[in-house]
Amino acid sequence: LEQYLHECIDTMEKDGNRLRFLGDLSVLTPELRKLIDETNEISSRITGFQANVCLNYGGRDEILHAVRRYAEAYKAGTAPELTEDVFSGYLYSAGIPDPDLIIRTSGEQRLSNFLPWQGAYSELYFTDVLWPDFTERDMDAALAEFQRRDRRFGGVK
């Protein structure tokens with residue numbers, strides 16, 4: 001990961017690609033966290049494509065982490081009234097738009113603790129293709145299926 005981050009840092013601004021890391025990063029080495037911080041800082045200056053990298057991530061853990069952070073702010077008297085938007089600000093993914101489409105490879109038809117809060121209104125696409133074999137053609141098929149969907153964001157039509 002360190003080698004990959006060094007390569008990314010060298011090309012991110014030129015390529016217009018951003019990286020955002022989600023998860024409990026406190027377990028990573030200080031050197032790796034420093035590289036991630038540098039990557040995040042560079043990403044903040046770029047408006048292009050963004051890839052989210054989940055490290056030491058679990059959706060339930062993320063929600064518990066957010067509840068604990070909100071509870072600390074509440075005890076300190078600094079927490080605003082709890083709303084969905086306020087709660088979202090305590091998640092690892094704070095500031096990142098919820099995904100429109102979640103693609104699940106390998107034939108599994110479950111989310112496996114992946115973005116349970118953020119994926120509430122995401123469209124799901126399941127494919128038997130394994131992740132290492134997922135091609136641009138497979139992505140095009142997923143996007144074409146997504147375009148055919150009638151998104152209602154929880155509403156009834």
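How many residues does helix α1 have, and how far does α1 reach from its first C-alpha to its last? Helix α1, residues 2-15, has 14 residues and reaches 19 Å, close to the 20 Å expected at 1.5 Å a residue (the expected span is 1.5 Å times one less than the number of residues). This is a predicted model, in which local features need pLDDT of at least 70 and side-chain atom pairs count only at pLDDT 80 or more, while totals for chains, interfaces and linings use all residues. Residues are numbered from 1 along each chain as its sequence is written, and side-chain values use heavy atoms, with hydrogens and water left out. Helices (H or I, at least four residues) and strands (E, at least two) are DSSP runs, numbered from the N terminus.

At Ile-9, α1 bends by about 35 degrees (the angle between axes fitted to the seven residues ending there and the seven starting there). Ile-9 is also one of the buried residues of α1, with Leu-5, Cys-8 and Met-12; buried means under 20% relative accessible area, exposed over 50%, and partly exposed in between, with a 1.4 Å probe and protein chains only. Their cover includes β1 (17-22) and α2 (30-43). Just after α1, Gly-16 takes a positive phi of about 70 degrees.

Leu-55 sits in the loop between β2 (49-54) and α3. Leu-55 counts as partly exposed because its relative accessibility is 21%. Not counting residues up to four places away in sequence, Leu-55 touches several residues, including Leu-1, Phe-21, Leu-28 and Ile-36 (contact means heavy atoms within 4.5 Å). Leu-28 is 27 residues from Leu-55 along the chain, and their C-alpha atoms are separated by 9.3 Å.

Next come the aromatic rings. Rings of Phe, Tyr and Trp (its six-membered ring) pair if their centres lie within 6.5 Å; planes under 30 degrees apart count as stacked, over 60 as edge-to-face and the rest as tilted. The count comes to 6 aromatic pairs by this rule. Tyr-70 and Tyr-90 form an edge-to-face pair, 5.5 Å centre to centre with 85 degrees between the planes. This pair links distant parts of the chain, 20 residues apart: Tyr-70 is in helix α3 (residues 59-75), and Tyr-90 is in the loop between α4 (84-88) and β3 (101-104). Tyr-70 counts as buried because its relative accessibility is 12%, and Tyr-90 counts as buried at 14%. Elsewhere, ring pairs link Tyr-57, Tyr-92 and Phe-114 into a cluster.
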